[in-house]
Every structure is written in structure tokens, then in C-alpha cells.
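The account starts with how its elements are assigned.

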Amino acid sequence: MNSLTLSITTIGDLLLRKTITNCEEPIKDVELCVPLYQRPYKWTARNAIQLLDDIIDAKNSNKERYRVGTLILHKTKEKGQYDIVDGQQRIITFSLLLTALGENSIEFLRQKIYDNTYNDHNIANNYNALFRRVGLKLEDNDSAVEYQREMEHLKDYIENRCELIVVITTDVSEAFQFFDSQNVRGKALYPHDLLKAYHLREMNNINEDETERIVKDWEQVSQRDLADFFGNYLYRIKEWVAGNKANILNEHNVHMFKGVTRSARTPYAQFYKSAYCYADMVNSSAMPFVSGTRDVNAFQLDTPIIAGKPFFEYTKHYYNILKDIQNNNKYEGFYINDNIIVKTLDRHFKKGIGNGITRLMFDTSILLYVDRFCPETYPTKEDVDLFEQFVIYAFIWAYSLRAQYTNLGWLSAQNYIMGWSEKINTFNMYKLIAKQDTPTSLLSALADKLNPLSNDDIKDGWAQKCYEFNGDGETLKNLKDEKDGVYENYLYFFQTNGFYKN
């Protein structure tokens, strides 16, 4: 077979006879496999029933052939099996549908797939939903006989009239190029799904049990949360540190998370691979315990990622730090606990696009500071004091932007972050953090850069409600108003830290 084969095959040929037919020469003994890098089976009963209804409509409309989608396969060189790159959801659903119609010889369904909450629930639930629709009735009467004949005709139509366009390649990169183009037209594919597949392919030297554990850990996290984490946090930090605007993470820029491969031999690659291996070796040994020293951090946000297993460790590492930063529980977490500024933001300033943008700027700047300057274990009192000072500065920087706009959107925010705005306190916080060698030098630089706001600078509608006329002009009132220890207005912290002037 050439590196690329295009064909059309019926569902029956593929799933029952393990053959791909309508090409120059039929391909036999097609062992379909769901590779570990595949996403879980996420089709719900609604999706499965919709597919069935579409087939019934096509049959009732007397369509001679009904195309049901595209199947992209990667023929592996090692095992000669056909890994499903795209089309897994339909293939599993057709297998369940034929089984519900009485077919019991589909070998594809007998393969082991990794244990996952989606797989465990949806496969069983969708089969039951399909069986309730098309399963043979037990009654022995004319109506049951007619129904059975109707279902046999439906089964025949699915096997012999429903067709798939099949793309087969022996080049896995080519397979994923087709995968990308197919998904651009349909439901948007999360970039982190592409990254998962890419980095799993870099793990062919790791045993299957370890790979399965990594996949399970990945899938335990909400995929929406992962999309938000990569698109709004990691991606934006990387772009802002580099001095670039951050727009949308997609298939065109996802390469920034592919990193240094195992086979890379340049001095640049060797340096970062060596740094990772050293940290991994030290942390896996008894050295930190015996010497009483801290673990060595294997990652930095503004350095290259190491492809393969380190990518998943990198993701888990920063995802956990971000969740810790965002958790202000008094007794849980490591970095921010019972912080009065964060309490106020959590209580009163969560809704609205502008508040969301500003909070993301606050959280990402703290994440970058923690990554660069905060030890993960054994923090000293000085470490804690410096961090708390930075939290105040990060708040003043981010919420100076919020205070100076009636309606805040991403265009204004990006200009502010890049230092291209005429607003007060506009500078690239991320580049500033990345350029400093110590937290004290960073705090000194911030003390020089941050300036107070005046009444005339404040345009935020929430803050404007706090204006009153006292004979000397407009001033802010009620900044000391609080309830249950939480202040009603974030400008209170500008005033108490010397960043508000009448």
C-alpha cells in the first residue's frame, strides 16, 4: 500500500468482514484499533439516536447510498493494525447499533480500551438506548413479525448502503493533518487534544501501563477546564512574556507547546533536556530528604517544553498551581490563603467581560511570579512576605486597567499589557517579571513603575457610584464599607496602599 490510500467502504464490509472495498484492490484483515491517544467515547444517547434517525430518514427517502462521514486511519508499521485517528465516535456507535440489531460478531468491540468515566458510561448507555429503539420484540404476533422484518431491512441498509470515506496513511503526521482539516469544518477541536496526541506519540519508549496512567490522569480533568487553562493562561503568558499580543490558541500556533523532542540533538535542545533530566533524577532520589533541601523545579513557564511524558507533568504541575492560586480558602492551599483583596474580588467582581479579563491578568501575573520566585516547599518568612507584596502590586497593575474603563474589552486590555495604551500603569508586567533575577529587584522595579489614580482617572461604573460632592469637588465615599470582613469596593485597596489620590 502507498503512503496514502483513499477509498469508500460500507459499514458491513468494515465492521463485519474487516475489509475496505472500493479501492484499486480490496484491503483485507483490517484490524481497527482505538489508540491510547484517542479521546474518550463522548457521544451521548442523543447523538447515537440522532445518527439512527438520520439513517432511517435516508432509508425511507430511498437513498441508494448514504454517506455517513470520513474515517481516517493510520496503518502502523510495527503491528500492522489500523489506528483510528478520526471517526472513532461513529465507528463505536455503528458497532453498538449493529449489536442492538442482533449482530454478535463485531470483533472491534472486543478490544480493550482504557478505563474512563466517559467510556464506562456512554458505551453501555448508548447501547441500551439503541436497543430500546431497534431491539427485537419478544411478542409472538403479526405486529412483532412485521417489526422484525422492518428491523432486518434497516440492518441490511446499514450494512450495505451506509458508506464511509476512508483515508489510510502510513505517515502519522499526514494522518493528523487530515484530522485537523476534518475538524475545522465541524465541532471545534480543542488544541489540547492535538497536543495530547502529539506528546503521546513521543512516548513510544514508555510502557503501556505508564501511558495508560497518564491518559487517565489527563481525562480526569474537565476538558473545558483544560481548554481554558491552555488557551487563557499558558498560551497568553507565553505570548505576553515574548512581548506579543495573545489572541486565540488554535491549530496554527499550538506548536509552541510541542517543545523539544527526544531525538533533538542541538545544543539548545540538549541544554533543556539535561536540565529536566537533572531535576527528575534529584527529585526521584533520596537527596532532598537526606540533605533537607528543596525539590528541584523541573519547569519554567518561559522556557521550552520537553516533548512526551514531561509535557503531561508540566501540564499537571501548572494546572495545580493555578487552582491553588485561585483557591482563597483560609486553611487549604499553599500560596494564597484568606487574602482580603482576593476575598473582595471573589465576592463582588466576578461577573462581566471586563472583570473577567482583569482577574485573568491578576491570576496570570501571580502564576508567573510563583513559577519564577516561590519555592514549592519550605518557604521562609521572607519568601511569604515578598510574595504578599507582589500580590498587592499585581492587583494595582491589573485593576488600574479596570478602574480606567467604563466598558473594558480585550483590545484595550492587550494594548495596556503591551504598554501601548495612554492609560496610567500601562506596561508589560510579564516581560518585567521574566527579566528579573530576584523578587526584590522585581518589587523595586514595580515600585518605580506603578502610579496612583485620581478621581479623574476612574471611569469604572461601579466606582462611579461611590462619588459624592463635598464642596471641594468630587471624591470617593464609602470605601471603608465592608460586610463580613469583605470590602464592597476594590478601590479601598488602592487607597490603603497609597495608589489613590483625591
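Helices (H or I, at least four residues) and strands (E, at least two) are DSSP runs, numbered from the N terminus. The model is a predicted one, in which local features need pLDDT of at least 70 and side-chain atom pairs count only at pLDDT 80 or more, while totals for chains, interfaces and linings use all residues. Residues are numbered from 1 along each chain as its sequence is written, and side-chain values use heavy atoms, with hydrogens and water left out.

Thr5 sits in strand β1, which covers residues 4-10. With a relative accessible area of 14%, Thr5 is buried; buried means under 20% relative accessible area, exposed over 50%, and partly exposed in between, with a 1.4 Å probe and protein chains only. Apart from neighbours within four places in sequence, Thr5 is in contact (heavy atoms within 4.5 Å) with Ile27, Val166, Val167 and Ile168.

Strand β1 belongs to an open sheet of five strands, with the order β1-β5-β3-β4-β2 and mixed pairing. Two strands pair if DSSP finds at least two bridges between them. The edges of the sheet are taken by β1 and β2, each with a single partner strand, so one side of each has no neighbour in the sheet.

Strand β2 (residues 32-33) runs parallel to β4, joined to it by two bridges, and Leu32 has Tyr82 as its bridge partner in β4. Strand β3 (residues 66-75) is antiparallel to β4, with four bridges between them. Here Leu73 stands opposite Ile84, and Tyr82 is the bridge partner of Lys75. Six residues lie between the strands in the hairpin of β3 and β4, where Gly80 takes a positive phi near 70 degrees. Helix α3 (residues 88-100) lies across β2, β3, β4 and β5 (162-169), running at about 115 degrees to β3. Such angles run from 0 to 180 degrees between N-to-C directions, and axes are lines fitted to C-alpha atoms, for helices over the stretch in contact.

The next topic is the nonpolar cores. A nonpolar core is a set of buried Ala, Val, Leu, Ile, Met, Phe, Trp, Tyr and Cys residues joined through side-chain atoms within 4.5 Å. The largest has 99 residues, and those with the most contacts inside it are Phe230, Phe362, Ile366, Phe390, Phe395, Trp397 and Phe494. Helix α15 (residues 381-403) gives the largest share of this core, 13 residues. Apart from this core lies another, of 45 residues, among them Ile11, Val34, Met151 and Ile168.

Two packed helices are described by the angle between their axes and the distance between the axes. Helices α9 (residues 223-241) and α14 (residues 353-373) pack at an angle of about 70 degrees, with their axes 10 Å apart. That makes α9 roughly perpendicular to α14; angles under 35 degrees count as roughly parallel, over 145 as roughly antiparallel, 65 to 115 as roughly perpendicular and the rest as oblique. Residues of α9 including Tyr233, Ile237 and Trp240 meet residues of α14 including Leu360, Leu367 and Leu368.

Finally, His199 lies in helix α7 (residues 191-201). At 0% relative accessibility, His199 counts as buried. Leaving aside neighbours within four places in sequence, His199 is in contact with residues including Phe257, Lys258, Phe311 and Phe312.
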